[in-house]
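User: I am new to this structure and would like to talk through its charged side chains. Could we begin with the terms that will be needed?

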Amino acid sequence: AVQFWDFAFMRSCSFVLSACPLPLPPSLRLSAVTGSRASRFTKPSKPGRFERRMQTKSEQAETDKRPYRECAGAVLFNSSGLMLAGERYGASGSWQFVQGGIESGESPEEAARREVEEEIGVPRNSPVLVKTIEPSFTYNFPTNLNSAIARVFCGQRMHWSVFYWDGDLRSCILDQNPDGHPEFTQVAWVGWDMVLGAVHPMKLDMYRWLRDIAQPLTVDYLKGSH
C-alpha cells in the first residue's frame with residue numbers, strides 16, 4: 001500500500017507501486033494502491049558503476065562555459081522504509097524527491113531543510129538527519145531543455161541528505177512555495193521501484209546511485225543501529 005495526499009483532491013494512482021514492508025496506520029490510508037510484495041532492499045552495486053558521473057566536471061563540454069548549479073536534495077523516509085516523493089507541478093506522472101538550489105552561505109543540509117519547508121511545508125527542524133552523502137552527483141541538462149535555469153547552467157551538482165521523518169502527509173502544505181507555484185501537485189510515501197519508474201530520464205542514473213547509498217542507511221536506522 002502507498003499513502004497519497006493531494007493538496008487539491010485525493011485521487012487514485014493509475015500505476016502499480018511497491019507495497020510497503022509494514023502495514024500503514026488506518027488513519028493515514030488516504031488512498032491505497034495494492035502492489036507487489038514488500039520492496040526488497042538491495043545491496044549497493046559495486047563501486048565504479050557511476051564514478052565517472054560523480055566527477056564535478058566530467059560531463060561538462062569544454063566548449064560550454066555555463067557552470068553547474070549547486071543544489072541540495074532531501075531523501076525523507078518513514079518508519080515503514082518508504083520515501084516521500086512528489087508529483088511535479090506541470091509534469092503529470094513525473095515524480096521526484098525534494099530538491100532545490102543552495103543559497104549563499106548555506107550548507108547542503110541547511111539548504112535541504114529549507115527546501116523541505118518550502119516545497120512540502122514540513123518545518124525545517126522536524127526531520128532527523130541520518131547522513132549527508134558525499135561525494136556529490138553531477139548531471140547535465142538535455143540540450144533541448146527549455147527553461148530559465150538551463151539558459152544559465154549546463155546542469156546541476158546535487159548534494160543529498162538522508163532524513164528520517166515519520167509525519168502525517170496530511171500535514172504537508174504544497175502551495176506555499178516562494179517561486180509562486182507549488183513544486184508538487186501531490187505527495188506520497190513510495191518505494192524505490194516507483195521512484196525509478198517515474199523520475200525524469202535525465203535524473204535516472206543519479207536516483208539509481210542514490211538508492212544504492214540511501215537504502216542501507218534507512219535499513220540500519222530502522223533496525224536501531226543509529
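Analyst: A residue is called buried under 20% relative accessible area, exposed over 50%, and partly exposed in between. Please note that this is a predicted model.

User: Thanks. Where does Arg208 fall, buried or exposed or in between?
Analyst: Arg208 has a relative accessible area of 29%, so this residue is partly exposed.

User: And which residue does Arg208 meet in a salt bridge?
Analyst: The partner is Asp205, with an N to O distance of 3.6 Å. Both residues belong to helix H5, which covers residues 204-222, and they sit 3 residues apart, about one turn of the helix. Asp205 is partly exposed as well, because its relative accessible area is 25%.

User: Let us take Glu118. Where does it lie, and what does it touch?
Analyst: Glu118 is part of helix H2. Leaving aside residues up to four places away in sequence, Glu118 touches Gln176, Asn177 and Pro178.

User: Is Glu118 buried or exposed?
Analyst: Glu118 is buried, because its relative accessible area is 18% and the cut-off for buried is under 20%.

User: Changing topic: what does Arg124 pair with?
Analyst: The side chain of Arg124 meets that of Glu117 in a salt bridge, at 2.8 Å from N to O.

User: And how accessible are Arg124 and Glu117?
Analyst: Arg124 has 32% relative accessibility, so it counts as partly exposed. Glu117 is also partly exposed, with a relative accessible area of 25%.

User: Why do such side chains pair at all?
Analyst: Side chains of opposite charge can pair when their charged atoms come close.

User: Finally, how many salt bridges are there?
Analyst: The count comes to 10 salt bridges. Among them are the pairs Glu109 with Arg113, Arg124 with Glu117, and Asp205 with Arg208.

Key. Residues numbered from 1 in each chain as written. Predicted model: local features only at pLDDT ≥ 70, side-chain atom pairs only at ≥ 80, totals over all residues. Heavy atoms only, no water. Salt bridge = Lys/Arg side-chain N within 4 Å of Asp/Glu carboxyl O. Buried < 20%, exposed > 50% of the residue type's maximum accessible area, 1.4 Å probe, protein only. Helix = DSSP H or I, 4+ residues; strand = E, 2+ residues; numbered from the N terminus. Contact = heavy atoms within 4.5 Å.
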